[in-house]
Amino acid sequence: MTPRLRVQPADAAGSGMTSQRVRDRLVQRLREAGIVDENVLNAIRTVPRHLFVDEALATRAYEDTALPIGHSQTISQPWVVARMTEVLLAGRAPRTVLEVGTGSGYQAAILASLGLDVYTVERIGDLLRLARKRLRLLGLNVRSKHDDGRVGWPEHGPYDAIMVTAAAPALVHDLIDQLAPGGCLVAPVGGASSQALVQLTKDADGHVQQTTLAPVMFVPLLSGTLD
Ligand code: SAH
């Protein structure tokens, strides 16, 4: 599958520390760290992560690390982005996905480049405006909303897949309700000191099953909105 990036802005190709060679090195590293889905690896290779961080951090964009994006928030570590995406796709062909926590827009870009219809919700207006600009620049069609994502986005649900990119002490019921039968949700669960990536699947009868996947560290899922 060829990732869908309709537009390639002039600086998307990158150079030096943002060049294709450096991105290929990141992909190799993710492979070594257990990521196996070739479509996901290809999306990581193709989506210019350096356009999702401040210019001052662009040279670090292809390190396998989370980076600050302002407002005490971070763009997730590439391995985490790849793993969560891989989990949502494994053995399924989701068409729609809801993301809670747009942040930089990078995870949304990865999902959209894989051909999913992406709905994303962010509580910090400043971050959302920047993310929208980046996604537009890349020609990626992502629907987004400035809101407290803990209530999901029921108008467009139920979703084949749901991804939460901020940690809460427990899975959020409103989000589980918006997951379609046969769907899969991934979310970090825990507090400031310890979190795990949790996968929840819903079968055709609506029964849910939960599996713990890996230790992770995310910023907290907070309530309300900020401009
Ligand atoms: N997926 C992002 C990672 C962002 S970090 C990326 O690819 O860059 C988590 C994001 O979740 C932050 O931007 C934070 O503001 C947002 N967030 C936290 N609680 C939220 C909530 N209740 N609703 C929506 N977004 C929330």
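**Entry 1: helix 1**

How many residues does helix 1 have, and how far does helix 1 reach from its first C-alpha to its last? Before answering, I note that I am working on a predicted model. I found 13 residues, numbered 20-32, in helix 1. The reach came out at 18 Å, close to the 18 Å expected at 1.5 Å a residue.

Next I looked up burial along helix 1. Val22, Arg23, Leu26, Val27 and Leu30 are buried there. Seen down the axis of helix 1, these buried residues fall within an arc of 145°, so they line one face of the helix. I noted that Arg23 is on the buried list too.

What do the buried residues of helix 1 pack against? I found helix 2 (38-46) and helix 3 as their partners. On the face turned away from the buried side, I found the exposed residues Arg21 and Glu32. I also checked what follows helix 1: Gly34 does, and the phi of Gly34 is positive, near 100°.

**Entry 2: Val80 in helix 3**

Val80 lies in helix 3, which covers residues 78-89. Is Val80 buried or exposed? Val80 counts as buried because its relative accessibility is 8%, and the cut-off for buried is under 20%.

I then listed contacts, leaving aside neighbours within four places in sequence. Val80 is in contact with Val216 and Phe218. I also took one C-alpha to C-alpha distance: Val80 and Ile44 are 11 Å apart in space and 36 residues apart in sequence.

**Entry 3: Phe218**

Phe218 was on the Val80 list, and I followed it up. Where is Phe218 found? I located Phe218 in the segment after strand 9, and strand 9 itself covers 208-216. Phe218 is buried, with a relative accessible area of 9%.

Which residues is Phe218 in contact with, leaving aside its neighbours within four places in sequence? I wrote down Ser76, Val80, Met84, Thr165, Ala166, Ala167, Pro188 and Gln195. For a distance check I took Val151: Phe218 and Val151 are 67 residues apart in sequence and 19 Å apart in space, C-alpha to C-alpha.

**Entry 4: Ser76**

Ser76 came from the Phe218 list. Ser76 is found in the loop between strand 2 and helix 3. I have Ser76 down as buried, because its relative accessible area is 19% and the cut-off is under 20%. Leaving aside neighbours within four places in sequence, Ser76 is in contact with Arg49, Thr65, Ala66, Val81 and Phe218.

**Entry 5: the largest pocket**

On to the open spaces. I got a volume of about 450 Å³ for the largest pocket. Which residues lie nearest the centre of the largest pocket? Of the 35 lining residues, they are Gln73, Gly101, Thr165, Ala166 and Val219. Thr165 and Ala166 were already in my notes as contacts of Phe218.

Strand 2 (73-75), helix 3, strand 3 (96-100), helix 4 (106-113) and strand 4 (117-122) each supply at least two residues of this lining. The largest share, three residues, comes from strand 2. By class I have 18 nonpolar, 11 polar and six charged residues.

**Entry 6: the second largest pocket**

The second largest pocket has a volume of about 350 Å³. Its lining has 14 residues, and Leu51, Val53, Asp54, Glu55 and Arg134 lie nearest its centre. Strand 1 (67-70) and helix 5 (125-137) are the elements that give two or more residues to this lining. Helix 5 gives the largest share, four residues. I recorded seven nonpolar, two polar and five charged residues by class.

**Entry 7: the cavity**

Strand 7 (residues 179-190) gives the most to the cavity lining, with four residues.

Note on methods
Residues are numbered from 1 along each chain as its sequence is written. This is a predicted model: local features need pLDDT of at least 70, side-chain atom pairs count only at pLDDT 80 or more; totals for chains, interfaces and linings use all residues. Side-chain values use heavy atoms; hydrogens and water are left out. Buried means under 20% relative accessible area, exposed over 50%, partly exposed in between (1.4 Å probe, protein chains only). Contact means heavy atoms within 4.5 Å. The expected span of a helix is 1.5 Å times one less than its number of residues. The arc is that of the directions from the helix axis to the C-beta atoms. On a 1 Å grid over the protein atoms alone, a cavity is a set of points where a 1.4 Å probe fits but cannot get out, and a pocket is an open set with protein on both sides within 12 Å along at least five of seven lines; lining residues have an atom within 4 Å of a point. Grid points are joined across faces, edges and corners, and a volume is the space filled by probe spheres set on the points. Ala, Val, Leu, Ile, Met, Phe, Trp, Tyr, Cys and Pro count as nonpolar, Asp, Glu, Lys and Arg as charged, and the others, Gly among them, as polar.
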